[in-house]
Amino acid sequence: MTSKHALNIVKMKKMKQDNIPITMITAYDYPSASLAEEAGIDIILVGDSLGNVVLGYDTTIPVTVDDMVYHSRAVARGAGHTFIVTDLPFMTYHGSADETLRQVRRIMQEGHAHAVKLEGGAEIASTVQTIVQAGVPVLGHIGLTPQSVNQIGGYRIQGKDEHDARRLLEDAKALEQAGAFAIVLELVTEEAAAAISRELTIPTIGIGAGRGCDGQVLVFHDVLKYTSEYREKKFVKTYADLGEQIRSGISTYVQEVKTRAFPAEQHVFTADEKLLGSLYGKGKVDSQS
Ligand code: KIV
């Protein structure tokens with residue numbers, strides 16, 4: 001594990017001023033979070049995209065606060081030195097301020113996140129302000145907002161014309177004014193995203209939003225092709241093919257069990273064996289006496 005101190009929202013703003021790109025990746029469980037931390041990521045997002053990539057839903061809409069808390073806790077156990085942002089899922093921040101703060105409390109206290117992310121622009125600025133005033137950092141998210149996919153009418157690129165680009169800029173400014181510490185720009189034209197990034201003092205973190213953002217975020221399963229059927233996406237660069245490696249590894253295991261090649265002599269315990277070594281958990285050593 002790299003010995004680094006977790007980033008905080010003050011350092012993130014300084015990174016923007018110093019033109020140092022911010023790196024963010026999603027993670028949803030203990031091993032993915034530990035590996036992301038070891039790789040030196042700045043921020044881990046426990047995104048509600050877990051609905052798609054981990055739970056097998058078609059959209060993020062069925063994801064609940066219980067789901068987010070469960071996965072966020074696992075991520076926090078795996079990445080104790082990394083800044084963790086956890087999504088507030090669909091319709092959990094559109095009721096009363098009390099109800100919203102109850103959900104935020106669960107994400108922070110039970111999910112051990114350092115910040116929450118909300119989708120939406122000017123229309124949720126007062127909610128962002130309420131959460132920030134309660135002492136919780138908020139990451140905004142505009143552009144393509146998957147929780148509103150049915151209202152947007154599909155997964156469309158945002159900011160294609162001047163009117164739309166201006167609307168996005170106004171949303172971004174409203175979130176900044178409400179106290180958001182950074183804003184995710186998802187599927188936004190490079191021109192609009194660059195203009196927003198120039199106008200704001202807080203960092204923008206892009207996904208499919210081009211090269212002018214202050215940081216980038218991608219989904220873990222996209223970066224590593226960790227899925228059975230990977231669908232190419234223009235805005236994603238894949239850095240490994242875990243799907244193929246996992247399929248091939250399991251297939252070899254199946255073959256070796258079928259042909260009795262596994263277990264071999266080195267995998268079996270004999271009567272005089274004493275040390276079991278690390279069976280489960282982090283470096284746990286169970287010695288028999
Ligand atoms: O849920 C998620 O993973 C996200 C990213 C795509 C930014 O919101």
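Which residues of helix H2 (residues 30-38) are buried? In the predicted model, for which local features need pLDDT of at least 70, side-chain atom pairs count only at pLDDT 80 or more, and totals for chains, interfaces and linings use all residues, the buried residues of H2 are Ser32, Ala33, Ser34, Ala36 and Glu37. Residues are numbered from 1 along each chain as its sequence is written, and side-chain values use heavy atoms, with hydrogens and water left out. Buried denotes under 20% relative accessible area, exposed over 50% and partly exposed in between (1.4 Å probe, protein chains only). Helices (H or I, at least four residues) and strands (E, at least two) are DSSP runs numbered from the N terminus.

The buried residues of H2 pack against strand S1 (22-26), strand S2 (43-46), helix H4 (65-78) and helix H10 (220-223), where contact means heavy atoms within 4.5 Å. Gly40, which follows H2, has a positive phi near 90 degrees.

Strand S7 (residues 204-207) is buried at Thr204, Ile205, Gly206 and Ile207. Thr204 and Gly206 point one way from the strand, and Ile205 and Ile207 point the other way. In a regular strand the side chains alternate between the two faces of the sheet. S7 pairs with S6 in the parallel sense over four bridges; pairing requires that DSSP finds at least two bridges between two strands. Two bridges join S7 to strand S8 (residues 215-218), again in parallel. Gly206 of S7 is the bridge partner of Leu185 and stands opposite Gln216 in S8. S6, helix H9 (residues 190-199) and S7 make a right-handed β-α-β unit, that is, with the strands pointing away from the viewer, the path from the first strand over the helix to the second runs clockwise.

Three aromatic pairs are found in a search of the whole structure. Rings of Phe, Tyr and Trp (its six-membered ring) pair if their centres lie within 6.5 Å, and planes under 30 degrees apart count as stacked, over 60 as edge-to-face and the rest as tilted. Phe83 and Phe181 form an edge-to-face pair, at 5.8 Å centre to centre and 80 degrees between the planes. This pair links distant parts of the chain, 98 residues apart: Phe83 lies in strand S3 (residues 83-87) and Phe181 in the loop between helix H8 (162-178) and strand S6 (182-186). Phe83 and Phe181 are both buried. Tyr253 and Phe262 also form an edge-to-face pair, at 6.1 Å and 65 degrees. Phe262 counts as partly exposed because its relative accessibility is 32%.
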